[in-house]
Amino acid sequence: MSKKLWGGRFSKSTDEMINEFQASISFDKRMYHEDIAGSIAHATMLAKCGIIADADKDSIIAGLKKILTDIEQGNFSFDVALEDIHMNIEKRLTDAIGEAGGRLHTARSRNDQVALDTHMYVRKEVVNIAKLVFDMQTAFVETAEKYSDVIMPGYTHLQRAQPILFSHHMMAYFSMLSRDFSRLKGVYERADIMPLGAGALAGTTFPIDRSFVADQLNFESIYTNSLDAVSDRDYILEFLSAASIMMMHMSRLSEEIIMWCSREFSFIELDDAHCTGSSMMPQKKNPDVSELVRGKTGRVIGHLMAMLTTTKGLPLAYNKDLQEDKEGLFDTIDTVKFSLAVYAQMIRAMKVNKDVMFKAVSDDFSNATDLADYLVKKGLPFRQAHEVSGKAVHYCIEKKIWLKDLSHDEFKELSPLFEADILEAIKPETCVKNRNSFGGTSYTQVENQLQLAKAMLEKQQVVIDEYESKQIQI
């Protein structure tokens, strides 16, 4: 069994069950790159400040780079008895280079070390997720342009309400993801604060240079309070919150996709590559991607609730409870990344059934509001116009016809204000075209949304490029 690096105070070995219970190596080993990068920066700073010799620093850095290569080539065995990624790497380093390896941990604690690793890991993964959000936004823009003339029913209360452009519907999700992107920027900013140098909780007696380390690791700022530095998990909570909201958006889209591709709607057809069949029913084509994303949303929200519950009663500074921050974080990162990646593919590949959507707005009463608006423009107060339109709908229901089927004389009986142009005014194309208020569903407004979206994507690309340029290379 490996000797504990903290075992000097103890006269008895840790129980094997306790070793397994408290070990985090099974999941925190994914932060090996961040741990090694942080240790290289720390060792460089220690030498710069005269705390360790340059020769020891060189040995440490060479040893850490060798460990990095071993891990990436699959030649590193992780030991559960060493608990975590930090102790596994330090033990291998000390075994390889001797006494110099034991000097690496000078002026730091695992408390600020793990905080540093997690900050760097979140910062890196936020960039990866932001790129996937960007790609899905691009998929919405592409799909909106591809089907720019398709008219569909807009819904309230899941009842057909008014005709809208399908592209308008797609751009609503673009807008949601734009806010998600903005929230990711906020997460990045709060993760971009360096905790190393806080020690276990109170700082260190050594003359360290925290600013130097921050520069080495491309951190924008440094924690000003050592207690806060080792106990802060706000950036993780923010990430889990942002991820939960993003998955909620994806779940709403999933619900609509599931409905739209059903035989009851038949608004869209998903590509075979993104569906599955039934082991029993040969005719089935199931929207599994959408169903899984809808289901995984609860999983991500659960991780947020778990982390809020874990941290709500913790005293300062570090407590072992905070080890629970990682599994939910890592699982959320994996879930969000996969969901975004597969969904962008699915949106690009789906087929929109234009004729089915148009029939749903033409053989319907979703133009009733436009009938009322017509009368208002002729001078009738809206409440009276609303009543006339409602009576027209009732009349049509009794006769089992639509508003478009009414004769000119029937319109005149409802109101003398109706003229010969009423049928043109209540066509779905006209209903869409006339909703030209800013942000509306008219062809002009949706084209404006698309141009604004492309400009926004250009700005978001600048942000992504800036963040990527700060990623640490070893």
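This is a predicted model: local features need pLDDT of at least 70, side-chain atom pairs count only at pLDDT 80 or more; totals for chains, interfaces and linings use all residues.

Residues are numbered from 1 along each chain as its sequence is written, and side-chain values use heavy atoms, with hydrogens and water left out.

**Overall form**
- The protein chain has 20 helices and six strands (DSSP runs, H or I of at least four residues for helices and E of at least two for strands, numbered from the N terminus).
- Its radius of gyration, taken over C-alpha atoms, is 30 Å, well over the 23 Å from the globule rule for 474 residues, so the protein chain is more spread out than a compact globule. The globule rule is 2.2 Å times the number of residues to the power 0.38.
- Along the principal axes, the C-alpha atoms fill a box of roughly 100 × 50 × 40 Å.

**Domains**
- The assignment, automatic or from a database, gives domain 1 (16–106), domain 2 (111–353 + 448–470) and domain 3 (365–434).
- The C-alpha centres of domain 2 and domain 3 lie 45 Å apart.

**Contact between domain 2 and domain 3**
- Six residues from domain 2 and six residues from domain 3 take part (heavy atoms within 4.5 Å).
- About 540 Å² is buried between them, with 75% from carbon and sulfur atoms (accessible area, 1.4 Å probe, lost on being put together, summed over both parts).
- Ile-151, Gln-162 and Pro-163 supply 73% of the area that domain 2 buries against domain 3.
- Zero salt bridges link domain 2 and domain 3 (side-chain nitrogen of Lys or Arg within 4 Å of a carboxyl oxygen of Asp or Glu).

Note on methods. Buried area is the accessible area (1.4 Å probe) that two parts lose on being put together, summed over both.
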